[in-house]
Amino acid sequence: MFKHIKDMEYTVHVDRPDPRFANLLLEQFGGPHGELKAAMQYFTQAVGCNNPQIRDMLQDIAAEELSHFEMVGECIAMLLGPTDKVPRDFPAIHLALLTGGPSLTNSMGAPWNASYIETTGDLYADLCSNSAGELRAKLIYERLLQQTDDAGVKDMVRFLLSREESHNFSFMQAIETLKGTGVDANFRDSEFSKKYMNLSTGLGDTRGPWNQGNGIQYEENPNEKFGGPAQYGKDRSADSKGEVGPGYQDNTRNNPQYTQPKPITANVPGQEKQMH
Ligand code: MN
Ligand code: MN
């Protein structure tokens, strides 16, 4: 059940109208890293979530994102000011023409889109998406801070930014509790899931924890070693869990090393194939 409480999560103060910043702030109203996206993503995940603890967290954060959506919308409306005061040469004049307040678009006028929502039903994957989403939201607020001198607006943006940091922290901690579950449970192939393929040539090959230690094998020249027909599936044991079974034979058509194109024979005059 939802209930609207008239108090805002944060009381928005705006020094004076600033349609330019109103337009920029739309990014966090109807943009891909914005507040509605966050609210809808966590809500959608919550209703499909069978883990009661994680579900509770998703509902709490989804509800707060809707409060952020409300704050950002209020702020945009206040910054736009009266529609007849918006300068005629203002690039985003459609805001005054169409809505007289926030429109459900990003700062470029592209409509909000449900495909912004990342939901798989796998809690490990979903919480990783959520954590990254919070970082992207924070980043845009950091950049928005550079675009205004309005003290009230800056304060609201800092508040929002801090809340996204807090959400990111919660998601990261929750991910820790889910280690080894869902999509993180086990790696299908002990050999290939711990290989680093060095696929760039030339100077500057770099080694780091992403390609050494932790049982990772560094393949210096993977093309030479593995490039070939269905190497991945060829020598799999019968009890393998991989998708590509040992009997997989359609293994040559996509590799010119094994399927050399036949030379084209030139037509000799007088010997053309008879066509009827
Ligand atoms: Mn938010
Ligand atoms: Mn958030």
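## Exercises on helix α3

Gln41 is found in helix α3 (helices are DSSP runs of H or I, at least four residues, numbered from the N terminus). This is a predicted model, where local features need pLDDT of at least 70, side-chain atom pairs count only at pLDDT 80 or more, and totals for chains, interfaces and linings use all residues. Residues are numbered from 1 along each chain as its sequence is written, and side-chain values use heavy atoms, leaving out hydrogens and water.

**Exercise 1.** Decide whether Gln41 is buried or exposed.

*Solution.* Start with the cut-offs: buried means under 20% relative accessible area, exposed over 50%, and partly exposed in between (1.4 Å probe, protein chains only). Gln41 has a relative accessible area of 2%, so this residue is buried. Next, look at its partners, using contact in the sense of heavy atoms within 4.5 Å. Beyond its neighbours within four places in sequence, Gln41 is in contact with Tyr116, Ile117, Glu118, Thr119, Ser129 and Asn130.

**Exercise 2.** Work out how α3 is oriented relative to α4.

*Solution.* First, find the angle: the axes of α3 (residues 35–47) and α4 (residues 52–80) come within 8 Å and cross at roughly 160°. Therefore α3 is roughly antiparallel to α4 (that label applies to angles over 145 degrees).

**Exercise 3.** Find which helices the buried residues of α3 pack against.

*Solution.* List the buried residues, among them Leu36, Ala38, Ala39 and Tyr42. Then follow their partners: the buried residues of α3 pack against α2 (27–30), α4, α6 (123–145) and α7 (151–177).

Conventions. Chains lettered and ligands numbered in written order. Axes fitted to C-alpha atoms, helices over the stretch in contact; angles between N-to-C directions. Helix = DSSP H or I, 4+ residues; strand = E, 2+ residues; numbered from the N terminus. Parallel < 35°, antiparallel > 145°, perpendicular 65-115°, else oblique.
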